Structures are given as C-alpha cells and as structure tokens.
Amino acid sequence: MFCATILTVTRRGGDTMLNNLKLRIKKDLEELLGKQFNAELSIIVEEPKKAELGDLSIPVFSVVKQLRKPLPQIVEIVKETLNQIPDSGYFAKIDSVSGFINITLNRAMFAKLVVEDFNESEDYGTSDIGAGKTVCIDYSSPNIAKPFSIGHLRSTIIGHSLGNILEKCGYKVVRINHLGDFGTPFAKTIYAYLHWGNEEVVKQNSVEELVKLYVEFNEKAKQDKSLDEEARKIFSELEQGNEIYVKLWEYIREESLKDYMKVYDLLGVRFDSYNGEAFYNDKMQRIVDELKEKKLLVKDQGAMIVDLGDDIPPALIQKSDGSTLYITRDLAALFYRKNNYHFDEMLYVVGNEQKLHFTQLKRVIEKMGYDFAEDIHHINFGLVLQDGKKMSTRKGKIVKLEDVLDEASGMSLDYINEKNPGLEDKEQIAESIGVSAVVFNDLKNYRTNDFEFNLEEMVNFTGQTGPYLQYTSVRIQSILDSADSNETTLNYDLFEGEHYFEILKNISQYVDTIIKTKQEYAPSILAKYLLKLASLFNSFYAKERVLVEDEIERNTKLHLLKMTKDILNDGMRLLGMQVILKM
RNA sequence: GACCCGGUAGCUCAGCAGGAUAGAGCUGCGGCUUCCUAAGCCGUCGGUCGGGGGUUCGAAUCCCUUCCGGGUCGCCA
C-alpha cells in the first residue's frame, strides 16, 4: 500500500525514499503535535551519527523548550505520536536516548522499496527539476595563443561535470567555450609575429612558437614602453577590421584551437559553441548605445563608465581611445545568449579572482532594467597550488595540462605492469586511469577552495582517488561477468544486516546527492558520495563471498552489486571520468 | 586601507540551515590472500576545530573581536 505512495512521490519529486520518509515524518509530527498543543512546532528528522543508534533520529530539545514540559514527558508524547502516523508501519523499533528519539526501520521492507524503485527506473538518479529549462555554461575559455595550462583545468572539468549533472536533472544544457581570442594580449602576439616572427617556424610548431613571441614581446616591452602603445593601436585597428590583422587573427585562432582539441579529446570534453570574445566584436555597439540611451554611461577621466553605487567600483565600458573592454564583450555575449538560447540560468565557471567582474556584470544588467540578473551565477573556484604556491609554472615554465595528463597515464601504466602485466589494451586503460585520476583529484575538492596538486599522492593511486572508484567498479564487474545472470527472487531479510543496509541506504540517496550537487554547483558533493559508496562496497566485499551456493542469497548479493556498480559508473560519467571494465 | 575567501590530526581534506564520544584518506605501526582483482580490507597511533569573548539546554557550525595566509579594488582578461 505504502510502497505505491512512496514510489509515486519519488517519481514526482525526485527525492530519495529515505529523504521522503524523513519529510513525511516531520510533517506528520508537526501537524499532530501542533494540533494537540495548539502550537507551531518545528521537528527535526535526521540520521544518527552512529548507525548502531538507529536509522532515523529526532532530537526533541526544541519541543521541550516550546511546550515547557519535562523532557521525559515530551519523549513519551512524541513516541506515542510517532506510532500514530501512517508511516509507522516502517518502524521496527523506537528508542530514546537522552533527548533523542531513535527509529530503527524495518529494513527488509525499506530495501524492497529501494530495489523496486531501482528496477523500475530507466536511468536511476534522474530527476525532473530542470524539465523545460535551459542552462548555458561558459567554461574552459582559454586564451588563444597560449598553451593549455594546468590553470585551465579546473574551469574545464568543473564546467564539463556540471553540464553532465544538469542534463541528468533534466536541463537542456548549452556548453560554451568563450575563447579568449581578442583583446590587447592578442594584439601583442600579432605585433611580435609581424616584427620578429618566422612564418615557417610558426607553421611547424604553432602554439609553442606563438607563446615564445608573446613572451618576447613582454620582455622587450619592459625596456621599451612604446611597445604597449603599439599593441593597443593594433588591437584598436583589429577591432575596426584591418585586413592583415584579421587574417592573422584567423590563422592564430585556428592553430591554437587545433592544439586545444587534443586536450579536449583526451578529457572527453565537447562544446556546443566556440564563440569567443571576437565573435561579439560587432555586437558591442548596441550595448554601448543602449547604456547611453538609458543614461547609465558617463565620461570619467576620458573613459566611459557605468556607476554601480558606493559599494563596488564602476564598470569600465570603453577606454579613452574608444576600444572596448572585457566587460563590454561579456555584456554583448550575455545578451546574445539570452536572445539566442533563452537561458533560465547562465553559469560562468571562472576563478575566484574574477568575483568582482561578475558582480559588476550582474549589477549593470540590473541597472539596465533587466530581471535576469538573478539567473547569472559565477561558479567561482580556487587556485591549483603546488607546495602552497600557485601552480602555473614549474621551473619557470608553464605547466602544460597535456604533460600532466601524460605523466599520470605513464604512472598508471607502470602500475599496471606491476599489478596486472597481462592486461589487454594496457596503454588505453592506463590513459583512462591517468586522466580520470587527474579529473577526480580536482573534483573531489570543494570548488571555491584552493587545492594542492600533489603528484606524489597520485602515484600511489590509493585511498580517495579516481582509480579507487574505477577499481571498485572493475571488481564488481568481474564478479558479475563470472556469474550466471538468471535472477530469481531476492531475500530482503538479508538487508537487515548492517553492511547490506548501509550500501542500500546510500543507493537510495543517489538522486538527492545529484540534486544537491546541482543546487550548490559543487561536483565534490557527488565525488565524496561515490567514495563513500565504493568504500562501503569494499568493506562488504571483504566480509561476504558473493558467489555462494544458495541461489537466492547469491542473487540478492548480485543485485546489490549491480545497483552499486551502475551508480558508481553513472557517477563517474557525470564527473567526466572514464569507466573501464578491467584494470 | 576597504571588501571577499580560507585557517579542523604530521600531510590532503569532509563536516558548518547548531545536536549525541569531531570524521575520512595519506603517512607511521600491527594484522588479513588454499576462495569472486590486496590499486583492497581490518586494527592502532594521532585533534586547545587559529586565539579570545558572546548567544544557547547544547557551538567546529551562529554573532563580535583578534592573529595568520590568499584574492580583488577604472583604462588587463
């Protein structure tokens, strides 16, 4: 009877069953107790810290306070009331310990619900919170003519992963690589190429050579201040459509993109649009005009600015020489996206250091009188550190992401040669492990924090790492491969066992975890969840033999394993990791 | 100087819409393989939750203050 209700609610709300149960208990208790005492009460239903205490827990201190009755009396009243609610059929036991009422569920009954829900669901973990909504994500967005460094890693994988997670929640996702293919730095490269560049050499090794030229420019500019002036002039002319510069621009952009695609292929990252800053070159005047019309633009020290109030600095829209700035192009991009993709949310996966820029961007939109400022989210993230310092260079050289990925793959291969030398497709698998290790190492850390990039730790591939997840999945796969798959009935009583139930409970929380991950735009939430699930399985594996004689027991275990593996694989996919079958 | 972010075990990090004895991984130490992949599992050592006040029955979590580290603050992106 209740199964039906719960399953319906699950489909509709996208919550896990355990969470649903919590919410219902909360609501029912508040209603019944409220009626009884004519008071508005807020009941907390949580999970006890220690599993031995029970499956659900209700601290009653606040009730004691509000109703001004002795604690033991309140405990009795709440217990009594708990027995009256419709869900009480799920309770196997209700205890109380020093102000906490602990409920132990009828685990077999609960397990049946979870298993049935899993079986009936086509893609477990999906929800409809994003149905009919579109989200644009601006991520990766490297600056052209520079190597794809470790610094671009975070934006790329956080953005990619969030895209996957949003799709899982039913959103339509538009992935945008807002290439930094414009601006003064770019003009510097053009100047250097024209003056000191060698066409043949650049053709051979384009990006590397272009970077050399850019560096050379900056070194010479230190001596000769007029060079910066020259670059600004070139940029201004490029903006006006100077043919030579435009042609050069196209060439450099093409070559750089080719280089980046190698990394994107390695990571499995794809975009719907590669429209970079330059794309908006002819779309900015409209913005400037509109700002003028709305009397928001003022001249200040020769530049055109929008005043944003006392708490933040004004936004610089136009330089003294009339050329545009970063925010001008971002405004143009924003309106273009709003008009073409009709987004419900616009996410910018960009580092912490640009916080002010996005605050200004939102404020300008508000000042212009648009209501979608609140749909703009800066998905900020911290630095990648090495030995506590920003990891952009190593021995003075920029750390290329490709090199890091190669290094990780190489280490994986060493490990395979040591552990499983006979493995087929070793190189391919080593690459999957290495790349995924780097990806996971990033995503397991909470976004906004800086994190330590520790190659040493990745050499070990042990503990809270990508390979740990892959290994767990592979282990399960291996068992499933060697088992006959004609499933019969399951013995739900087995789920009374702690190590069974813990896994099952986690499985039931998958949807919730994904939704929370979306709400906080924090893939680390999903990453930590997967580690927990993998860890629970590995403990189970050490304790229980799966392929036992008893058919029903065997099938029950196999089914638990299959659910676990499906979630691990799906979760890894959402994070942008690669799922492998053997290692 | 102003604003923002961080400070939890030797190291890397969870926990922070207040709740039970503060958790993981790594490292160290000690165990586990006649049996489904030991990249695993189990045990153990290790903490004034930066310091000091306050609110509360109860604070790592909320408020104030202070110290330390990082970021940002008009013609870069």
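The largest pocket here has a volume of about 1200 Å³. A pocket, on a 1 Å grid over the protein atoms alone, is an open set of points where a 1.4 Å probe fits, with protein on both sides within 12 Å along at least five of seven lines; the volume is the space filled by probe spheres set on the points. Lining residues have an atom within 4 Å of a point. There are 46 of them, and Ser141, Asn143, Lys146, His152 and Gln354 sit closest to the centre.

This is a predicted model, where local features need pLDDT of at least 70 and side-chain atom pairs pLDDT 80 or more, while totals for linings use all residues. Residues are numbered from 1 along each chain as its sequence is written.

So what is the lining made of? By class it has 21 nonpolar, 16 polar and nine charged residues, with Asp, Glu, Lys and Arg counted as charged and Gly among the polar ones. H9 (206–223) is one of the elements that supply at least two residues each, as are H6, H7, H13 and S9. H9 gives the largest share, five residues. Helices are DSSP runs (H or I) of at least four residues, strands (E) of at least two.

Now for the cysteines. The structure has zero disulfides, a disulfide being a pair of cysteine sulfur atoms within 2.5 Å.

| Cysteine | Nearest cysteine sulfur | Distance |
|---|---|---|
| Cysteine 136 | cysteine 169 | 17 Å |
| Cysteine 169 | cysteine 136 | 17 Å |

Notes: Chains are lettered from A and ligands numbered from 1 in the order in which they are written. Side-chain values use heavy atoms; hydrogens and water are left out.
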